Amino acid sequence: MITFDGVTKRYPDGTVAVDDLSLEVPTGEITVFVGPSGCGKTTSLRMINRMIDPSGGRILLDGVDVTTIDPPTLRRGIGYVIQQAGLFPHRKIVDNVATVPYLLGWDKKKARARAMELLERVGLDLRLAERYPFQLSGGQQQRVGVARALAADPPVLLMDEPFSAVDPIVRASLQEELLRLQAELNKTIVFVTHDIDEAIKLGDRVAVLRVGGRLAQLADPATLLAEPADDFVREFLGRDRGIRRLSFVPGDGLRLRGDLTVPVSAEVSSVRGTAEAWLVVVGDDGGPLGWIAPKDLPDSGTLAEVPAAPYGTFVRGRDSLRSALDAALLSPSGNAVAVDGSGRVVGVATREALDEALARVADGARG
Amino acid sequence: MNWLIDFFGDAANWSGPDGIPLRVLEHLVFAGLSLLLAVVLAVPLGLWIGHTGKGAVLVVLSANAARALPTLGLLVLVVLLMGVGTIAPVLIPLVALAVPPILVNTYEGIRGVDPELRDAAYGMGLRGRQVLGGVLVPVALPLILLGMRTAAIQVVATATVAAYVGLGGLGRYIIDGLATKDYPRAIGGAVLVAALALAVQGLFALVQRISVSPGVSGRQRIR
C-alpha cells in the first residue's frame with residue numbers, strides 16, 4: 001500500500017504543484033491520477049519513486065517513508081513506465097528489458113531468460129528481442145517499456161501517461177493488455193493520465209486532481225460517474241456521463257424472452273402467422289443470423305432463403321447494460337440479442353426489458 | 001605532376017634523417033601526442049559539465065574564444081618563454097587547437113541526449129555514473145567522436161608549424177622547400193600532409209563503425 005500523508009510540493013519560486021494531498025493507493029489495485037495539465041498528477045507520481053522529493057508531508061510505501069530509502073535502491077524495486085517508453089537506443093530490446101535485473105546483479109543468462117519471458121507476456125514476437133528500439137513501432141516500444149518495468153517483478157508499478165503518444169487503436173489494445181496483465185499479476189499500480197475515459201476504463205479507483213494540486217474526488221469509476229463531488233469533477237467527466245455510467249451496470253439483470261427465436265430450417269409458413277413484429281433467426285450452430293419481420297415474408301420456402309436484417313448482440317454474464325443498449329440500437333427491431341460466451345443465442349432483450357433496466361438505473365441515481 | 005614525381009621518385013627522399021618515413025613518424029608523434037593530451041583534458045571536462053550542467057556557459061564560451069587563438073603566434077610565444085630544444089613548445093599550441101572542438105562536442109553530445117531517456121535511466125534505478133557511462137556516453141558517442149575527428153584533422157594539418165621552431169615533421173619539407181625554392185619538395189610535403197589527414201579521417205570512420213551501437217547509428221536494417 002502507498003500512503004500519501006499531507007504531501008505538498010512547493011517550488012522555490014512559490015509555485016505549488018501538489019497541495020496537502022492525502023490518499024491511499026491500495027495493494028493490488030489500479031489507482032488512476034487524472035486531471036488537467038498543471039494539476040500535479042505527474043509530480044505526485046514522481047514523488048513515489050523520489051524522482052522528486054516532497055517539500056512537506058510523507059509518502060509511505062508499506063509503512064516506510066520513501067525519503068529514508070536511497071533513491072536508486074528504491075527505484076529498482078518500483079517499476080516505472082513513461083510516455084515515450086524511454087528505451088535505451090544503444091541496447092537491444094532484450095537488454096533493455098533486462099536493465100533492472102542487470103543492475104540487481106543477476107547473471108546475464110538468467111536476466112535475459114527473464115526478459116524473454118516478459119516479452120512474451122506483454123504480447124511481443126520474440127524475434128524482436130535482438131532488434132534495437134528504433135526498429136520497433138511506437139506501440140511495440142511501449143510494450144517493451146512495460147516489460148522492462150516488470151522485469152524484476154516489483155510489487156509496485158508507476159505509469160506516467162504511458163499510452164498517450166500512440167494512436168487510438170494501439171492505445172485501446174495496450175489498455176486491454178494492461179488489464180489482462182493486471183488480472184494475472186495483481187500489482188499495485190499508480191497510473192497517470194489526462195484522459196478521463198482512460199481513467200474510467202483502467203482504474204479500480206480514480207483520483208481526480210484539480211489545478212494547484214488538490215484532490216477533488218477519489219472514488220471508483222461508477223461512483224465517480226454517478227455522483228461527481230462538485231462542478232469541477234462533473235465538467236471534467238464531460239458529456240454522456242449517464243450513458244457512460246451504463247458501462248458499469250451489468251447486463252445480467254435484463255429480462256430475456258426465449259420465444260422470439262426461430263430456427264433457420266423452419267418453413268416460412270410456420271412463422272407467418274405469428275403476432276410478433278420481429279423474430280431472430282438462429283443458425284444450426286446456435287448463433288444468430290439476423291432479424292426477420294413475419295408479415296413481410298414470402299409465401300413459401302424455408303427461412304434460409306429469406307434475407308435477414310442486421311442485428312447486435314451482447315454477451316450475457318459479461319457485457320454491460322451499455323453494450324446491450326448498443327446491440328438494440330444496431331437492430332431494426334430495437335431489441336438486443338443475448339448470446340452466451342460461445343456465441344449461442346440465449347434469448348432476446350426487448351425494448352421493454354431495456355426500458356425497465358434503464359428505469360432501475362435512473363431510480364438508483366435518484367436515491 | 002612532374003614535381004611530384006621528382007620528389008617522390010627520388011630514392012634519397014625515402015631514407016635518412018630527412019627521409020619521408022621518419023618525417024611522417026615525427027609528424028604523427030606531434031599530432032598524436034597533442035590529440036591524446038587534448039582528449040585527456042577535454043573529454044572528462046566535457047562529460048562532467050554536460051552531465052552536471054555546472055559551469056557550462058563559462059567553459060563553452062572560453063573554448064570558443066580559444067578557437068580564435070592564432071596557433072603560430074602562440075607557438076612563437078611559447079618558444080620565447082620556454083626556449084627551444086624539447087617538443088613541448090609545439091605540443092602546447094596544438095593541444096590548445098584540439099581542445100575546443102573536443103570539449104564543445106562532448107558537452108553538447110551529453111547535454112543533447114533526450115531528457116526522457118535520462119529520466120528513464122534514473123527511474124530504472126541507475127546511479128549518476130551509471131547513467132553517464134551506461135546511457136549518455138553511448139548515445140552521445142557519434143558527436144563525441146566527431147569532435148575528436150575534427151580536432152585530429154586540424155592537428156595533423158597544423159603540426160607543420162613544428163618546423164618553424166626547428167623541429168621535424170612534414171612541415172620541414174614545406175618550409176625548407178620554400179626557403180630553397182625547391183618547389184617539388186614543398187608540394188610533396190603538402191601532399192603528404194593532405195594524405196595523412198585523409199588517413200586520419202578514414203581511421204575515425206572505422207573507430208565510429210566499431211564503437212557506436214547500431215541502435216544509435218541506425219545502421220542495422222530491419223530484417
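Predicted model: local features only at pLDDT ≥ 70, side-chain atom pairs only at ≥ 80, totals over all residues.
**Chain A by domains**

Begin by colouring chain A in two parts, with residues 2-248 as domain 1 and residues 252-364 as domain 2. The C-alpha centres of domain 1 and domain 2 of chain A are 42 Å apart, and the contact between the two domains involves four residues of domain 1 and five residues of domain 2. On the domain 1 side of that contact there are three nonpolar residues, one polar residue and no charged residues.

Next select residues 2-237 of chain A, the span to which an unreviewed UniProt entry assigns the feature "domain: ABC transporter".

**A four-stranded sheet in chain A**

Staying with chain A, show the open sheet whose four strands run in the order β2-β1-β4-β5, with antiparallel pairing. Its edges are formed by β2 (16-25) and β5 (64-65) of chain A, and because each of them has a single partner strand, one side of each is left without a neighbour in the sheet.

Zoom in on β1 (residues 2-10) and β4 of chain A, which pair in the antiparallel sense over five bridges; one place to look is T8(A), which stands opposite G56(A) in β4(A). From there move to β4 (residues 56-61) and β5(A), where the antiparallel pairing runs over two bridges. Here L61(A) stands opposite V64(A), and L60(A) has D65(A) as its bridge partner. Which residue in the turn between these two strands has a positive phi? Select D62(A), whose phi is about 50°, in the hairpin that β4(A) and β5(A) form with two residues between them.

**Around V262(A)**

Now select V262(A), which is found in strand β11 (residues 261-263) of chain A. Is this residue buried or partly exposed? V262(A) has 18 other C-beta atoms within 10 Å, and therefore counts as partly exposed, since burial requires 20 or more such atoms. Leaving aside residues up to four places away in sequence, the residues that V262(A) touches are V271(A), L279(A), V281(A), V282(A) and L303(A). To follow one of these contacts, draw a distance between the C-alpha atoms of V262(A) and V282(A), which are 20 residues apart along the chain and separated by 6.0 Å.

**A three-stranded sheet in chain A**

Further along chain A, show the open sheet of three strands in the order β14-β15-β16, in which the pairing is mixed. The edge strands are β14 (313-315) and β16 (345-349) of chain A, each with a single partner strand, so one side of each lacks a neighbour in the sheet. From one strand to the next, the twist averages 30°. Within this sheet, β14(A) and β15 (residues 336-339) pair in the parallel sense over three bridges, and V315(A) has V339(A) in β15(A) as its bridge partner.

**Chain B**

The C-alpha trace of chain B spans about 65 × 50 × 25 Å along its principal axes, and 38% of its 223 residues count as buried. Among the contacts in chain B with a separation of 6 or more, 73% are between residues 24 or more positions apart.

An unreviewed UniProt entry carries the annotation "transmembrane region" for residues 28-50, 71-99, 131-148, 155-175 and 187-207 of chain B. Two of these spans can be selected in turn: residues 131-148 of chain B are 100% helix, with end C-alpha atoms 22 Å apart, and residues 187-207 of chain B are also 100% helix, with end C-alpha atoms 30 Å apart.

**Where the chains meet**

Finally, display both chains together and select their contact, which takes 20 residues from chain B and 20 residues from chain A. On the side of chain B, the elements that give two or more residues are α6 (115-124), α7 (128-158) and α10 (214-217), and the largest share, seven residues, comes from α6(B). Colouring this side of chain B by residue class shows 11 nonpolar, six polar and three charged residues.

Terms used: Residues numbered from 1 in each chain as written. Chains lettered and ligands numbered in written order. Pairing = 2+ DSSP bridges. Axes fitted to C-alpha atoms, helices over the stretch in contact; angles between N-to-C directions. UniProt positions renumbered as here; feature names shortened; annotations may be inferred. Contact = placed C-beta atoms within 7 Å. Nonpolar A, V, L, I, M, F, W, Y, C, P; charged D, E, K, R; others polar. Domains from an automatic or database assignment. Buried ≥ 20, exposed ≤ 12 C-beta atoms within 10 Å, placed from the backbone.
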